[in-house]
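Dear colleague,

Please find below the structure I am handing over to you. My findings follow it.

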Amino acid sequence: KRIHGLVLKETLLLTLFSAIMIPIVWILLDIFVPIFLEKWSNGVFSAQLYLFMLPFEILLLYPGTVLTSALVNKQNIIPFLRFGITGILVLSTLVLNYMNVLTINNFIVLNVLCIALYNIAILIMYKIYFYNKYVVCQN
């Protein structure tokens, strides 16, 4: 339980730090890309949108590792979850394309939303298969 609390605290701190970094890097991209990468100035907003992936990527590290560990042994669920989320991304992209509103920025937003859904699913599975079984039951 102590290790769980420590790792959870560190994961939350890293996630919070990455969320705090988003506005800072957002501003830095606005400033430095036009200066140093003039030809890439049109892509600044797309890069800024993609910054929202960072907290989700960090948040997933601990619960994802626990789910695939020998203790919990839920490796068989992860590929199906990935496949389902990828299916949602593909279908959403096709719908946007069909409606003639597919842009790189819309695709990035869809990608961030799908990663968020994936993270929520992993966190729910973490709570069900690890937290409820090994942390709560030990109290």
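Where in H1 does a kink lie? A kink of about 30° is found at isoleucine 22, shortly before proline 23; the bend is the angle between axes fitted to the seven residues ending at a residue and the seven starting there.

The model is predicted, so local features need pLDDT of at least 70 and side-chain atom pairs pLDDT 80 or more, whereas totals for chains, interfaces and linings use all residues. Residues are numbered from 1 along each chain as its sequence is written, and side-chain values use heavy atoms, without hydrogens and water.

Helix H1 (residues 2–36) has 35 residues; helices are DSSP runs (H or I, at least four residues), numbered from the N terminus. From first C-alpha to last, H1 reaches 47 Å, close to the 51 Å expected at 1.5 Å a residue (1.5 Å times one less than the number of residues). Its buried residues (under 20% relative accessible area, 1.4 Å probe, protein chains only) include Thr11, Ser18 and Ile22. The buried residues of H1 pack against H2 (44–50), H3 (53–59), H4 (61–67) and H6 (104–136).

Helix H5 (residues 77–98) packs with H6 at an angle of about 155°, their axes 10 Å apart (lines fitted to C-alpha atoms over the stretch in contact, with angles from 0 to 180 degrees between N-to-C directions). H5 is therefore roughly antiparallel to H6 (over 145 degrees).

Serine 46 lies in helix H2 and is buried, at 14% relative accessible area. Leaving aside residues up to four places away in sequence, serine 46 touches Ile104, Asn105 and Ile108 (heavy atoms within 4.5 Å).

Yours sincerely

Technical notes:
Helices (H or I, at least four residues) and strands (E, at least two) are DSSP runs, numbered from the N terminus. Buried means under 20% relative accessible area, exposed over 50%, partly exposed in between (1.4 Å probe, protein chains only). Angles under 35 degrees count as roughly parallel, over 145 as roughly antiparallel, 65 to 115 as roughly perpendicular and the rest as oblique.
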